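Please look over the structure shown below.

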Amino acid sequence: MNAMIDLRSDTVTMPSEAMRNAMRDAEVGDDVYGEDPTMNRLEQRAAAIVGKEAALFVPTGTMGNTIGIKLNTRHGQEVICEERAHVFDWELSMMAWFAGCLARPVRAADGVLRWSAIRDAIRPDGPHCAGTGCISLENTHNMAGGAVSPLDVVEEICHEAHQRGLRVHMDGARVFNAACALGVEVSEVVKDVDTVMFCLSKGLGAPVGSMLAGTADAIHQGRLYRKRLGGGMRQAGVLAAAGLIALEQMPARLGQDHANARVLAHALEAIPGVAIDASTVQTNIVIFDISGTGMTPAEFSRRLKERGVRMNGVGATRMRAVTHCDVSRRDCEQAIEAIREVCAGVASARA
Ligand code: TLP
């Protein structure tokens, strides 16, 4: 049997041959003593690529966001984020648990949080309100179908926030996808934010790891928070070696994933029972509604899996397909065929 076509997430990628070789050959030391040369190289290189003073390796994006929010807030403040943000919905209330903050979610229908919406949600310190501490932007926005924030939107938010003494964190788990879609360097996308977290282990294909970048002072403090979270790692250079390859080799190929996502989206538009506006697909995430098929996401997933395709539901009526370096154009075409069959099978069974 052929391998499954796995569109559940870009987290499912396998390390490349080059990554495995680099991991085996990595020069390592004790990173808690600052003595892992490969890790030091990764942290310096990551900082240079995103244009920040320093960067810190963290095992997961969730830990990077947890530390990022903590660095930009004081206990008891609010954090403004989009209503479907990963920091709000998918991280076990970490901003309450670790930073002692409350999320102030704001809806942005297209997933692009704009200053006009943020402005109305800012709360001053007072006898009743918990003041706003920071704004967390998600770029690209996962649950909004990989939506990209335009550069001027981020610039305006950072400018206005900084004028008011507020900080801005970017959950840039897929910020390299955003840079690719915008046709600019990633440093341009994150130039005004105080801290940015990005994942090596999603579109960039590394087996483990994310980076948190910001000022040298923030990252020094962040290293201490990482330790408090149990994240002081020892010979972590084996992971950094794969991360370096992810950083150097993988951003240039993200456009292929975006093109594959568009192929999927356009084909889905023509399938009866499926609803999607393909023109909204900018990066590697395709979210589509299946209420017209009469199937639940669980049923849809099960039937697709029988045909060799893995895909997860999001919410009560929608599916999410994520393209990445381990799915080819041919795989996407096969996935489309499988979706057609699943939808047609249900339609004929109900006729
Ligand atoms: N996202 C995962 C799931 O948790 C939903 C996925 O499959 O997409 N920020 C964003 C925007 C993310 O999408 C994710 C992971 C994270 C942070 C957290 O990264 P990890 O999984 O490394 O903690």
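Helix H3, strand S7 (195–199) and strand S11 (312–314) each supply at least two residues of the lining of the largest pocket; helices (H or I, at least four residues) and strands (E, at least two) are DSSP runs, numbered from the N terminus. This is a predicted model, in which local features need pLDDT of at least 70 and side-chain atom pairs count only at pLDDT 80 or more, whereas totals for chains, interfaces and linings use all residues. Residues are numbered from 1 along each chain as its sequence is written, and side-chain values use heavy atoms, with hydrogens and water left out.

**Pocket**

- The largest pocket has a volume of about 500 Å³, and of the 31 residues that line this pocket, the closest to its centre are Thr11, His86, Asn142, Arg174 and Lys202.
- On a 1 Å grid over the protein atoms alone, a pocket is an open set of points with protein on both sides within 12 Å along at least five of seven lines, a cavity is a set of points where a 1.4 Å probe fits but cannot get out, and lining residues have an atom within 4 Å of a point.
- Grid points are joined across faces, edges and corners, and a volume is the space filled by probe spheres set on the points.
- The lining of the largest pocket divides into 10 nonpolar, 14 polar and seven charged residues, where Ala, Val, Leu, Ile, Met, Phe, Trp, Tyr, Cys and Pro count as nonpolar, Asp, Glu, Lys and Arg as charged, and the others, Gly among them, as polar.

**Ligand**

- Surrounding the ligand are 16 residues, the closest being Ser9, Thr62, His86, Asp171 and Arg174; a residue is near the ligand if one of its heavy atoms lies within 4 Å of it.
- By class, this shell has three nonpolar, seven polar and six charged residues, and its largest share, three residues, comes from H3 (residues 61–71).
- Polar contacts (pairs of N or O atoms within 3.5 Å) include one of 2.8 Å between a polar backbone atom of Gly61 and an oxygen atom of the ligand.
- A polar side-chain atom of His86 lies 2.8 Å from a ligand oxygen atom, and a polar side-chain atom of Arg174 is likewise 2.8 Å from an oxygen atom of the ligand.
- The protein covers 83% of the 510 Å² of accessible area that the ligand has on its own, by the Shrake-Rupley method with a 1.4 Å probe.

**Cavity**

- A search of the whole structure finds one cavity of 30 Å³ or more, and the largest cavity has a volume of about 40 Å³.
- Residues lining the largest cavity include Glu82, His141 and Ser149, while strand S5 (residues 132–138) gives the largest share of the lining, three residues.

**Backbone geometry**

- The peptide bond from Asn139 to Thr140 is cis, with omega near 5°, and Thr140 is found in the loop between S5 and helix H7 (151–163).
- Leu92, a residue other than glycine, has a positive phi near 55°, and its place is in the loop between helix H4 (86–89) and helix H5 (94–97).

Technical notes. A polar contact is a pair of N or O atoms within 3.5 Å; within protein, one must be able to donate a hydrogen and the other to accept it, and residues adjacent in sequence count only if both atoms are side-chain atoms.
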